[in-house]
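Hi,

Here is the structure I promised to pass on. Have a look at it first, and my notes on what turned up are just below.

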Amino acid sequence: MIMCMYKKICITNRKLVKEDYLLRIEKLARSKDVDMIILREKDLSEEEYEKLAGQVLKICKKYKKQCILHFFLETAKRLEHPYIHLPMSLFLNMTGEERAYFKITGVSTHSVEEALTAQKMGASYITASHIFATQCKAGLEPRGLCYLKEVVDAVDLEVYALGGICPDNISACIETGADGVCMMSEYMNGDLIV
């Protein structure tokens, strides 16, 4: 079966990186195997995140790689970067002014109902998770490919599979109709991009 074009998205996590973090980001930014980087780093304070985001955005701009900031709306506005990815709770609490400011707003969803709500409230794209077993959600049962297909069929916006994605299961995700996949460990620990 021939697969259509799909996006591969890196979600960052400094704790998984075996080399200098910014060097890793640079390798990802110049790689043709990565279409977009979501700068997650959710353990940082807003001040720490803003400093790191400034450095990462400079690298992504150099290589013309799309970077989406995560969680901190005010940081994104201060950095004049209108691209954000949010957990559902923050997305639902955005003001009208914030919704108008951001050109791209991605939302993390964990059910068909959340996916439909994100679409109704104006999300640009969603992640559907978690599809396969993953260390990030240790002990939680994965939702599986049937769930991913249900989400894809329910909404008219881009859907990216997230959770336990690796080269061996990407094609199965894309066959559900997903627009792409998100990977953290595969990109951050050096196994895919050297």
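A residue counts as buried when its relative accessible area is under 20%. Please keep in mind that this is a predicted model.

By that cut-off Phe 102 is buried, because its relative accessible area is 5%. Tyr 101, in contrast, has 30% relative accessibility and counts as partly exposed. The whole structure holds four aromatic pairs, and these two residues make one of them: the ring centres of Tyr 101 and Phe 102 are 5.0 Å apart with the planes at 90°, so the pair is edge-to-face.

Elsewhere, ring pairs join Tyr 49, Phe 71 and Phe 72 into a cluster.

Now to helix α7, residues 144–154. Its buried residues are Gly 144, Tyr 147, Leu 148, Val 151 and Val 152. Looking down the axis of α7, these fall within an arc of 135°, so they line one face of the helix. They pack against several elements, among them β6 and β7. The face of α7 turned away from the buried side carries Cys 146 and Asp 153, both exposed.

Two arginines are worth a look as well. Arg 143 lies over the face of Tyr 147, 5.8 Å from the ring centre, and the charged end of Arg 99 sits over the ring of Phe 91, 4.7 Å from its centre.

Best wishes

How values were computed
Residues are numbered from 1 along each chain as its sequence is written. This is a predicted model: local features need pLDDT of at least 70, side-chain atom pairs count only at pLDDT 80 or more; totals for chains, interfaces and linings use all residues. Side-chain values use heavy atoms; hydrogens and water are left out. Buried means under 20% relative accessible area, exposed over 50%, partly exposed in between (1.4 Å probe, protein chains only). Helices (H or I, at least four residues) and strands (E, at least two) are DSSP runs, numbered from the N terminus. The arc is that of the directions from the helix axis to the C-beta atoms. Contact means heavy atoms within 4.5 Å. Rings of Phe, Tyr and Trp (its six-membered ring) pair if their centres lie within 6.5 Å; planes under 30 degrees apart count as stacked, over 60 as edge-to-face and the rest as tilted. A charge sits over a ring if NZ of Lys or CZ of Arg is within 6 Å of the ring centre and within 35 degrees of the ring normal.
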